[in-house]
Amino acid sequence: MPRGDKSSYTNRQKRKAEHIEEGYEKRGVSRREAERRAWATVNKEEGGGKKSGSGRGRKSTKSSSRKGGRKGGAASASRSKASRSAAARKGAATRRRNAAGSSRKSTGRKRARR
């Protein structure tokens, strides 16, 4: 199966990706980027395409949808653009710092937990 093949996704997952994509396009994201983000969201929430067979299912989460709703809701609207940008820059710097530190930390031996 080539990369990007959507045949193993259910109709429900395809519809969900389509709705998410439309939402991004309404907000001015390019069609290609909107499609990429939509499928990334479906994969995160549903665990990828569904495989047939008893006991092969996985529980879905709605964490990504919930996060998007919170970020774009009333709380976000009441803050200035400068405030949101500053918070985003601060978060990005923290993630960068933590990512750099995690590579150094992983070289040591693991400590046994008691």
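Trainee: What makes Q13 part of helix 1?

Mentor: Q13 falls in residues 11–26, the run that makes up helix 1. Helices here are DSSP runs of H or I with at least four residues, strands are E runs of at least two, and both are numbered from the N terminus. Mind that this is a predicted model, where local features need pLDDT of at least 70, side-chain atom pairs count only at pLDDT 80 or more, and totals for chains, interfaces and linings use all residues. Residues are numbered from 1 along each chain as its sequence is written, and side-chain values use heavy atoms, with hydrogens and water left out.

Trainee: Why is Q13 called buried?

Mentor: Buried means under 20% relative accessible area, exposed means over 50%, and partly exposed is in between, using a 1.4 Å probe and protein chains only. Q13 has 1% relative accessibility, so Q13 counts as buried.

Trainee: Which residues does Q13 touch, leaving out those up to four places away in sequence?

Mentor: W39, V42, E46, G48, G49 and K50. Contact means heavy atoms within 4.5 Å. As for G48, 35 residues away along the chain from Q13, the two C-alpha atoms are separated by 9.1 Å.

Trainee: What makes E45 and K16 a salt bridge?

Mentor: The rule asks for a side-chain nitrogen of Lys or Arg within 4 Å of a carboxyl oxygen of Asp or Glu. The closest N and O atoms of E45 and K16 are 2.7 Å apart, and the pair forms a salt bridge. E45 lies in helix 2 and K16 in helix 1, so this pair ties together parts 29 residues apart in sequence.

Trainee: Are those two buried or exposed?

Mentor: Buried: E45 has a relative accessible area of 2%, and K16 has 17%. K16 also meets E46 in a salt bridge, at 2.9 Å from N to O. R12, K16, E45 and E46 are linked in a network of salt bridges.

Trainee: Why are R37 and E33 said to be about one helical turn apart?

Mentor: Because they are 4 residues apart in helix 2. With a relative accessible area of 31%, R37 is partly exposed, and E33, at 24%, counts as partly exposed.

Trainee: What puts the charged end of R37 over the ring of Y24?

Mentor: A charge sits over a ring if NZ of Lys or CZ of Arg is within 6 Å of the ring centre and within 35 degrees of the ring normal. The charged end of R37 is 5.1 Å from the centre of the Y24 ring and sits over that ring. Likewise, the charged end of K6 sits over the ring of W39, 4.9 Å from its centre.
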